[in-house]
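Here's a quick tour of a structure, written for someone who likes cut-offs spelled out. Have a look at the model first, then read on.

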Amino acid sequence: MAWYSSFIHNDKVILGGVGLSAVTLILSMRFILDRWRDETEIKPVQPKTQYITQDTEDSLKTSTLSTLISHYNYTIRETAAKIISERAVNDSSTLDYLLWGITRPDYDERMKNLRALAIITDPHSLILLHQWKAYTALVRSLELCVDPEQETLDDDDWDEYPLRDMTEKLCLMFLCQLVGHFDSEQLIKAGFVEKWLARQNWGDSDEARMDNFAHYMIHRNNRITDIVSSIQRSTVGKEALEKAGLIRRESPLDSLDEDSSLLGRQSDRYNLLVSIRMRARSLEQSAEEQRMRHRNREAMVLNDGTHPVHSDDIIHRSAD
């Protein structure tokens, strides 16, 4: 046991044991403190996704929506504006009030109601404007926008549409969307052609009005031309344009003449190709070759009518 007593009384062994104990103590304390820190940490609660149901929307009062529409958060403002728009467009009294407002002579009132109508409508709710009351209101609003000092629309290189009044462009926007999704029958019956389109400054004489209107439809590409194109596709629309003096009156045979002229152009093209081909062939052959070619084409058909015609009944001219 002498070696054991000498081992435990060795200074190096004692220092090594003390150092190992210190390192073990430090690591243990660090582990304990880390565990205590993790357990005592207050983690933020993750927000849960919440959806606004129809019952929640219906329970919101007008005063609450007025507060939310002024909120600093953009998402909250957008949601509140969407709820207000849906309520307004589904409320017949609100829609009637806006349609009544766009027919007022006061410019500011018309602009305010037109902008409100543009905010609450979208492609899904556009069908609510497809009614007689809406078409007549929009046409009346356009009628109030007619400028008696408008310049003549005779310049093919200048499009005046971007410089038109904002109320006029808003009404044309609604009408262009309506005739694009539906038809132009109610718009024609509302007097769009007579009350607004014909009152544009197309020129002084009847001939100048027709020519300027025709050039406008050819050289422009805006909402006016889109609406007029939809009107021209119907018989009633053509009659309204003819009555307003914007297009020339067509006879019942015009459409037939147009079809026959188209067929004539196609037949002329075919005849031209055939003649060119025959001329090219005639240039390649001599007069004698052409004579022999025509002679070889000559044939007689002998049939007494008791059986169908077949190849045995055809007698070709001999080449000799």
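Phe 31 sits in helix α2, residues 11–40 (helices are DSSP runs of H or I with at least four residues, numbered from the N terminus). This is a predicted model, so local features need pLDDT of at least 70 and side-chain atom pairs count only at pLDDT 80 or more, while totals for chains, interfaces and linings use all residues. Residues are numbered from 1 along each chain as its sequence is written, and side-chain values use heavy atoms, with hydrogens and water left out.

Phe 31 counts as exposed because its relative accessibility is 52% (exposed is over 50% relative accessible area, buried under 20%, partly exposed in between, with a 1.4 Å probe and protein chains only). Together with Leu 25, Met 29 and Ile 32, Phe 31 makes a nonpolar surface patch of about 430 Å². For a patch like this, residues need over 30% relative accessible area and no salt bridge, and nonpolar side chains (Val, Leu, Ile, Met, Phe, Trp, Tyr) are joined within 5 Å.

## Salt bridges

How many salt bridges does a search of the whole structure find? The count is 12, where a salt bridge is a side-chain nitrogen of Lys or Arg within 4 Å of a carboxyl oxygen of Asp or Glu. One of them pairs Arg 220 with Asp 159, with the closest N and O atoms 3.7 Å apart. Arg 220 is in the loop between α12 and α13 and Asp 159 in the loop between α8 and α9, so this pair ties together parts 61 residues apart in sequence. Arg 220 is buried at 8%, whereas Asp 159 is partly exposed at 29%.

Glu 168 and Arg 164 pair up too, at 3.3 Å between the closest N and O atoms. Glu 168 is buried at 5%, and Arg 164 is buried at 10%. Then there's Glu 185 with Lys 189, at 3.2 Å from N to O. These two are 4 residues apart in helix α10, which means about one helical turn separates them. Glu 185 is partly exposed at 43%, while Lys 189 is exposed at 56%. Elsewhere, salt bridges with shared partners link Asp 159, Glu 160, Arg 164, Glu 168 and Arg 220 into one network.

## Helix α14

Within α14 (residues 235–243), Gly 237, Ala 240, Leu 241 and Glu 242 are buried. The buried residues of α14 pack against α10, α11, α12 and α13, with contact meaning heavy atoms within 4.5 Å. After α14 comes Gly 245, with a positive phi near 75°.

Terms used. Patch = residues over 30% accessible without salt bridge, like charges linked within 9 Å, V, L, I, M, F, W, Y side chains within 5 Å. Areas by Shrake-Rupley, 256 points an atom, 1.4 Å probe, with all protein chains shown as cover.
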